[in-house]
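Subject: Structure for you to look at

Hello,

Here is the structure I said I would pass on. Please open it alongside the notes below.

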Amino acid sequence: MSKKQPNRLAKLIDHQAFAGSALPQTLADNMQFYIKATNEIKALLVDCLPEEILNSCWVVGLTAEQLVLSVSSMTAANHIRYLQSAYLQVLNEQSITFKQLKQIRVIVANTSTENHLSKSSSGLAAASSKSRKANKNQALSQNTKRTISQAAEHVTTDENLKKALLRLANH
């Protein structure tokens with residue numbers, strides 16, 4: 001009886017936990033490969049990438065010609081995309097793994113930490129959005145009011161629409 005049998009007296013939850021405790025071998029191998037590639041990327045680009053981008057950067061795909069990186073913000077993704085050719089040059093010159101690399105794709109993955117941070121900063125974003133709207137209305141106000149008034153007086157024949165436009169122009 002060399003084959004291990006699950007404990008028949010154990011609860012179903014224990015059987016499920018035991019079954020899920022190990023990753024399938026191909027998944028475990030892929031994970032190890034991507035972790036190794038991530039560590040190599042971080043070591044090679046430590047002097048090129050800002051620390052906050054480096055900390056959130058993970059290799060999530062890799063072929064001989066294409067590297068797929070996951071980062072936590074659109075700003076980080078844009079930064080890497082903008083300087084892609086410089087990063088490709090560094091990777092091609094300094095690594096056997098990335099010698100034939102021709103393209104870096106970047107995806108943005110929201111993590112639970114990022115979601116928490118974005119929720120806490122949403123108040124700031126809302127306030128800045130309101131101030132932009134106020135500035136936008138203020139910048140267009142005189143010209144827009146004049147245009148609306150002229151349209152109400154000379155173009156519109158519907159009385160209700162004319163009154164609504166004039167009210168809008170007077171605010």
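Predicted model: local features only at pLDDT ≥ 70, side-chain atom pairs only at ≥ 80, totals over all residues.

Helix 4

Helix 4 spans residues 74-82, and its buried residues are Ala76, Ala77 and Ile80. Viewed down the helix axis, these buried residues lie within an arc of 100°, so they line one face of helix 4. The buried residues pack against helix 3 (51-56), strand 2 (66-71), helix 5 (84-94) and strand 3 (103-108).

The salt bridge

Searching the whole structure turns up one salt bridge. It joins the side chains of Glu65 and Lys102, with an N to O distance of 3.3 Å. The two residues belong to distant parts of the chain, 37 residues apart: Glu65 sits in the loop between strand 1 and strand 2, and Lys102 in the loop between helix 5 and strand 3. Glu65 has a relative accessible area of 44% and is therefore partly exposed, while Lys102, at 57%, is exposed.

Thr63

The loop between strand 1 (58-62) and strand 2 also holds Thr63. Its relative accessibility is 47%, so Thr63 counts as partly exposed. The C-alpha atoms of Thr63 and Thr97 are 9.9 Å apart, with 34 residues separating the two along the chain.

Regards

Key. Residues numbered from 1 in each chain as written. Heavy atoms only, no water. Buried < 20%, exposed > 50% of the residue type's maximum accessible area, 1.4 Å probe, protein only. Helix = DSSP H or I, 4+ residues; strand = E, 2+ residues; numbered from the N terminus. Arc of directions from axis to C-beta. Contact = heavy atoms within 4.5 Å. Salt bridge = Lys/Arg side-chain N within 4 Å of Asp/Glu carboxyl O.
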